[in-house]
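Student: I've got a model open and I'd like to learn how to read it. Can we go through a few features together?

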Amino acid sequence: MSERPQQNANRWRRFADWDERPLRLDRFAVEDPENGFAAFKGAKDPKPGLAIAEGRVVSMDGIPAAEFDMIDHFVAHHHLDLDLAPQAMAIPSADIARMLVDIAVPRTELARLAHGLTPAKLAEVVAQLSAIELAFAFSKMRTRKTPGNQGHVTNAKDDPLQLAADAATAVAFGFDEVETTMRVARNAWSNALACAVGASVGRWGTLFQCSSEESEELQIGMAGFTSYAETVSVYGTERAFTDGDDTPWSKAFLAAAYASRGIKMRCTSGAASELLMGFHESKSLLYLEARCLCLQRAMGVQGTQNGGIDGAPLASTMPGGVRELMAENLIAVWLDLECATGNDARHSESEIRVGAKILPFLIAGSDFICSGMGSILAYDNSFNPSSFNGEEMEDFLVLQRDFEADGGLTSVGESRALELRRRATDALGAVFEELGLGTPSAAMKRSVVVASGSNETESYLPRDVTLISEKIKARGINVLDVIKALAVRGFREEAQNLLNVVRLRVSGDYLQTAAVVRQGHVISAVNDPNDYGGPGTGYRLSGQRRQELAAIRDVLTREEVLRTEATFAGAENRRIRYRALGDAATSGPKNEIVIGVSPAFGLKLFRTLAGHPLSAVLRAMSEGIAEKGGVARIVRMRHTADTSFLGLSAARLAGSGIGIGIQAKGTAVIHQADRLPHHNLELFSNAPITSLAHYRKLGQNATAYAKGELPEPVVVPTEGEAMGARFHAQVALIYAIETSLAQDGAKPEEIEIAFLEVQ
């Protein structure tokens, strides 16, 4: 057949459904058969090589020194350790690759060797590794032992009140760094002030960045509002550099300017950036990024933000593109750079692909799992949606719990979040009033505190923010003015918290590689080095941290199930009355159908998983039995809660030999007295989607079987719902409640029921 049947028309989903069409390999990219990473048509990466004469590099990766571009020149003169390079370059790439995944070879030795390897050699080595080997090597080679994470705090209105509230929430979640940017460039100063105040609420130590135009970002940093920067971009081709009026020397100077002012700083690079700018030189993504990373080390920066970054969506359209992103991250940590491992730009609309991309970094750990996870809703993320945004925050927290992997975050209760958000908006309002920047109303602040995103706020609009931002800049307001304003208005704890971060700039301690602040102490690659050397070494969850990861919101307990069920007891007592009559009779008339209910049915549990009152279910089945000429009798089984045995026990008591067994959660069977326990006549296993009409039909069919007929079995259709995943935790607790009331050898109990209200 040339066409699929209509019912199969939607079975196959295509990339085009998400506008994620793979790059056409015959026009733009080819898969390099030697390293498996995406390269560009008509060229290959240079072969690794290095020639040194009289203490100078004569050629590197097959390129004579006379033909070096400025990147080659900078790398050759400032990255390579020429005393080590001959020894390092002589080791076969496959052997070095094995060293990366050999727990017997210490990280320190591999980091030392990397200083003698050229970009092409670094790329050739990591190209030997599979995806799982890349993840393992990354866990071994990352610089700081303790993992961390970075969050985005932005909104569509550049609303400073919302920024302050969201920054406070992000700090509570545990982000070590918070980054903001603007929809309107002129609003940078207001954004910076607002986030600095918000990040001081609750605890101190979260570092903050305002991503703006480089010169203005440096001015904001010198005013004391920011404590780190990562917007100094470097590229793997000379044309991409010069197109932006930059050189490695100008970038190195800017990096030094940040560091000299006590601002923690790393560069940004990532696969596909050169292609996005139109200057890829027909080399593989991995080789170009290896050049970038050697360049960053040569510049003397303490870290890098790489792993695709804005180019990740493009890199991921190519064969092996996501694997390449992992490989470039590995080169970064191998070169002893702090690594914020991308995972910021959402590379796909597919939730499966997004989850798959984050998992290696979550289980391997990273200095920063994301170089910007959206702590806000996706539509408020002014960087464009991240791999994870506010909508997926709970998913990320559960992933941590599932794998017992530290992604740097901790669950926050709703009451705590509201408390912090209220405090943050009050603090910022006080600063605005004290500095003459504005007087936000109580209604404005209240709307922000309870809002999920800017669509729900009645606060500042972008034009309002521009006026505030320009006042801050024009009047030269700095972080000390803000600290004083907080203290004068009674926010002394926040003032002290913000001052503590500013003091770090004087000491310079957090300029160390991979530095973050935890519980008032700087931890970094210096005092918290990654010492992974196999099982039982490296970062391991403490008992306390394991409990924190497990303590996600809405954890279901037996007590919670009983508490919830108890709220329905009153309504059920108005609908139905149960009266125990003693031990159940062993037989009845030939048209009798016994309904065997579970031990907790109507006593501790009052609804099915579908939400039907148990009284309504009993009425539906009883009426169905009567409609076919049967007589229903209700018996409570006290010796078992198992559905099959409920049904079989009921059948053995019934005059007809046919019985219905039903658990309080709604699972039901029709059974016959002479059949094996699990060989029932009909089964309703999907209680969450079973309707009252289904239960009525079940009663009708039970009577039909009693008459010797063969009715059409009742089918409860599904639409592919993952009911096991959604309901099994609840089912397990419900069944535990049922079995706690069961007693071995207890006799079935006759029950008289009376319906008191119309269902």
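Predicted model: local features only at pLDDT ≥ 70, side-chain atom pairs only at ≥ 80, totals over all residues.

Student: Which residue in E4 is the bridge partner of Ala-51?

Tutor: That's Ser-59. The strands involved are E3, residues 50–53, and E4, residues 56–60, and they pair in the antiparallel sense over four bridges.

Student: What sits between E3 and E4 in their hairpin?

Tutor: Two residues separate the strands, and in this hairpin Glu-54 takes a positive phi near 55°.

Student: And how many bridges join E4 to E5?

Tutor: Two, with E4 and E5 (residues 63–64) running antiparallel. Look at Ser-59 again: its bridge partner in E5 is Pro-64. E4 and E5 make a hairpin too, with two residues between them, and Asp-61 in that turn has a positive phi of about 50°.

Student: Now a side chain. Is His-694 buried or exposed?

Tutor: The cut-off for buried is under 20% relative accessible area. His-694 has 18%, so it counts as buried. You'll find His-694 in helix H28, which covers residues 692–706.

Student: Which residues does His-694 touch?

Tutor: Leaving out residues up to four places away in sequence, His-694 touches Phe-684, Ile-689, Val-714, Val-715, Val-716 and Pro-717.

Student: And what does the side chain of His-694 reach at 2.9 Å?

Tutor: The backbone nitrogen of Ser-691. For a polar contact, the pair of N or O atoms has to be within 3.5 Å.

Notes
Residues numbered from 1 in each chain as written. Heavy atoms only, no water. Buried < 20%, exposed > 50% of the residue type's maximum accessible area, 1.4 Å probe, protein only. Polar contact = N/O pair within 3.5 Å; in protein donor to acceptor, adjacent residues only side chain to side chain. Contact = heavy atoms within 4.5 Å. Pairing = 2+ DSSP bridges.
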